[in-house]
Each structure stands twice: as structure tokens, then as C-alpha cells.
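Trainee: I have a model open and want to learn how to read it. Where do we begin?

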Amino acid sequence: MPSSPLAPGATIGILGTGQLGRMLAMAAARLGFRVETFGPEQDPPAAHAAAAHMSADYEDEGALGAFAQNVDVATYEFENIPTKTVSILKAAGVPVRPDERVLAVCQDRLEEKRYFEKAGVPTAPIWPVENAEDLAAAMREAAGPAILKTRRFGYDGKGQVRLKPGDDPKAAFEACGGVPSILEGFVDFDFEVSLIAARGLGGYAAFFDIPRNTHRDGILHQSHFPSGLPKEAVDIAHRTAKAILDDLSYVGVLTIEFFWSKASGLIANEMAPRVHNSGHWTVEACDTSQFEQHIRAVAGWPLGRPRRHSDGVMTNLIGAEAGDWPALSAEPGLALTLYGKGEARPGRKMGHTVVLTAQSP
Ligand code: AMP
């Protein structure tokens with residue numbers, strides 16, 4: 001694997017083509033790189049900001065072979081990229097950053113929770129669930145409110161059912177798709193935060209300031225910065241992330257979501273091997289954005305300074321909310337980002353706004 005920094009003019013391949021890929025492509029272009037995106041859609045949001053797009057299935061070996069010829073390094077913008085895709089690219093001589101080891105952890109909630117446990121990171125109590133009988137037994141043990149989550153392909157609250165004692169396990173298991181799942185004890189938290197961290201090729205790590213996140217209907221609604229998380233908890237989050245980044249020989253941006261309460265401290269919920277919706281504000285409020293940081297890491301460049309210079313709030317525009325763009329675009333001091341998605345389906349992330357305020361002392 002070449003470890004010298006990638007020179008401007010080189011091509012970075014991005015697997016996945018949503019808004020995260022789009023914003024990564026914009027950051028890469030700013031640093032002088034070409035981007036080629038890869039994914040099944042014909043005309044996706046990320047392709048609008050890239051020099052080229054290859055539309056093919058993630059396991060299409062011929063297309064991946066051609067993509068490998070075009071790119072100098074590859075990365076991904078979502079965690080459900082098949083590990084086979086990464087193996088094919090690596091076999092063709094393309095470095096893929098971060099390494100696919102993290103995909104196996106992040107694609108399966110049970111593996112992820114076991115990984116946290118092994119790393120000594122507190123999580124909610126969990127029970128593996130293969131069928132309705134397992135769920136009935138797990139609900140008895142949980143003996144309180146809990147959440148059934150599919151092990152794979154859950155996001156934005158999808159593939160989840162909230163349960164309380166007395167609910168019918170059979171109906172709940174079926175409502176969740178009848179697929180391998182986990183039951184998670186309900187965490188009584190004060191608020192939710194996320195740590196967005198980066199590790200460069202040389203092993204150096206940098207952390208963005210931690211935002212406090214609020215959700216609506218299971219979808220991120222706002223990220224507020226600063227979070228108000230006590231300093232001791234911030235230190236624990238940094239130590240946790242550093243240990244995980246080093247353990248995985250990670251290169252790129254990694255996000256860990258935590259619940260926080262005064263009573264129980266930080267409890268890890270999940271992690272994402274990528275830039276994150278709760279870090280979009282880093283574009284406006286930090287010296288280096290999460291997108292540039294990821295591109296710097298993947299290209300083997302020194303990490304940028306993540307210093308936050310303003311307070312503020314990021315608000316997602318979901319579904320029809322993005323239709324307010326004429327009014328939003330006229331608001332002084334509001335930064336509007338739209339993802340170039342055609343249809344504003346309910347629950348679909350269409351864009352976001354960032355409003356900065358002066359930094360509190
Ligand atoms: P997830 O898909 O795991 O990120 O869950 C989506 C949202 O559901 C989280 O951001 C929380 O607001 C809530 N949630 C998930 N798991 C739990 C839990 N064990 N206890 C309480 N709330 C949860």
C-alpha cells in the first residue's frame with residue numbers, strides 16, 4: 001500500500017452516492033482531487049459533484065475492475081457496502097480506506113455491541129433474538145421497556161419496534177420483519193451526543209467538538225454545538241474513540257453515537273465508519289470540515305485542525321421541508337445546503353441548514 005500522500009489531480013473513488021458522498025466529493029474537489037462515484041443509481045446526488053460516475057451493482061466484478069483502473073484510492077460513504085466489493089478493489093491493487101474490518105462490525109448490531117463490550121465501552125443490555133421464543137425470553141429478562149432492532153440494514157429508526165412488558169412478542173418479531181434481531185434495554189438518557197473522530201494514515205487522531213443531537217420520528221432533527229457534555233465525559237469519549245481507531249488501524253472519519261445521563265454517564269449506541277449527519281455543521285463552524293478531514297485521511301495527507309470557532313445549530317430538512325428553500329435562501333446568516341434529490345418523499349433527507357451564533361466564552 002503506498003503510504004506517500006496522494007498528489008492533487010489523483011482520483012478518489014467513492015462507494016455510495018448519497019448526500020454524504022456528494023459533500024465528500026465537494027471537499028475532495030476543493031483540494032484538487034478528481035472523484036469518481038460508484039453505486040447502482042443512474043443519476044444520484046453524489047454524482048452531480050463528481051468528475052465521473054459508474055452506475056453498477058456493488059458486486060459487479062467487471063464494473064469494479066474498470067473502476068479500479070480509474071481510481072488511486074477508494075473510500076465509502078455508507079456502511080452497507082458489501083465487504084466483497086472492498087475485497088475485489090483491494091485485489092485489483094486499490095487501497096480502500098478505512099479497511100473493511102470495520103464494515104463487519106458496523107453492518108451487524110450484534111457484532112457492534114459485542115465489539116463495544118470487548119473494548120470495555122458501556123452499552124445498553126442486549127439479547128440476541130432469532131425467533132419469537134427468543135424475544136419472549138429476552139422480554140422477560142429485560143423486565144421493562146426495550147427496543148427490538150434488526151441486526152442488519154436498520155437506519156433512521158427503521159427496523160425498530162419499541163416494546164413494553166405485556167406486548168406480544170410474536171407480533172413484534174413479525175413487525176420487525178421476522179429477521180435476526182437484538183432486543184435492547186431502553187436507556188433513560190438526558191440527551192444524545194455523537195463523537196466524530198478521524199485517524200490519519202500515520203496513526204494521528206483528531207476529534208471534532210461533540211454535538212448534542214435531537215431526533216424526530218427516529219430521524220436526526222437537530223445538532224446543537226456546543227453540547228453541554230461535561231469535560232470528564234468528553235475525555236472518556238475521546239479515549240474510547242482513540243482505542244477503537246487504533247484497534248481497527250482505522251484511516252478516515254469514524255462516528256460514535258452515545259446516550260448521556262448524569263446518572264449513568266456515556267453509553268454507546270452505535271458507530272458509523274464514515275462522515276455523519278450530526279457533523280454537517282463542521283463545514284460552517286470549524287477550521288476543517290468532517291468531509292475535508294476524511295478526504296485528507298484517505299489521501300494520506302496530514303489531518304486538518306478541527307477547531308470549532310462558532311456556536312450554532314444544524315437542522316435537517318426532511319421531505320417537503322426543503323420546499324421552503326425560497327424563504328430559507330433569503331434568511332441572512334443561514335447557510336442552506338440542498339442535496340439535489342428529485343423527489344421529496346416523507347422521511348427523506350433533502351438538505352440541511354446551519355445557523356451560527358457567537359461562541360460562548
Ligand atoms: P438507532 O437506529 O439505534 O440510532 O436508534 C434511533 C434512535 O432511537 C436513537 O437515536 C435514540 O433516540 C432511540 N434509541 C435507540 N436505542 C435506544 C435505547 N436502547 N434506549 C433509548 N432510546 C433508544
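**Cysteines and the ligand site**

Mentor: Start with the cysteines. This structure holds zero disulfides. Keep in mind that the model is predicted.

Trainee: How far is Cys106 from the nearest cysteine sulfur?

Mentor: Cys106 is in no disulfide; the nearest cysteine sulfur belongs to Cys176, 19 Å away. A disulfide needs two cysteine sulfur atoms within 2.5 Å. The sulfur of Cys176 has its closest cysteine sulfur in Cys106, and at 19 Å that is too far for a bond.

Trainee: Is Cys106 buried or exposed?

Mentor: Buried means under 20% relative accessible area. Cys106 has 11%, so Cys106 is buried. Cys176 has 6%, so Cys176 is buried too.

Trainee: Now the ligand. How many residues surround the ligand, and which are the closest?

Mentor: The ligand is surrounded by 16 residues. Lys149, Gln160, Glu184, Val187 and Glu192 are the closest. By type, the shell has five nonpolar, four polar and seven charged residues.

Trainee: Which strands each supply at least two residues of that shell?

Mentor: Strands E6 (146-150), E7 (160-163), E8 (181-185), E13 (252-261) and E14 (265-272). At the domain level, domain 2 (125-185) and domain 3 (191-359) each give at least three residues to the shell.

Trainee: What about polar contacts?

Mentor: Look for pairs of N or O atoms within 3.5 Å. A side-chain N or O atom of Lys149 is 2.8 Å from a ligand oxygen. Polar side-chain atoms of Asn269 and His215 also lie by a ligand oxygen, at 3.1 Å for Asn269 and 3.4 Å for His215. Alone, the ligand exposes 470 Å², and the protein buries 95% of that.

How values were computed:
Residues numbered from 1 in each chain as written. Predicted model: local features only at pLDDT ≥ 70, side-chain atom pairs only at ≥ 80, totals over all residues. Heavy atoms only, no water. Near = heavy atom within 4 Å. Polar contact = N/O pair within 3.5 Å; in protein donor to acceptor, adjacent residues only side chain to side chain. Areas by Shrake-Rupley, 256 points an atom, 1.4 Å probe, with all protein chains shown as cover. Helix = DSSP H or I, 4+ residues; strand = E, 2+ residues; numbered from the N terminus. Nonpolar A, V, L, I, M, F, W, Y, C, P; charged D, E, K, R; others polar. Domains from an automatic or database assignment. Buried < 20%, exposed > 50% of the residue type's maximum accessible area, 1.4 Å probe, protein only.
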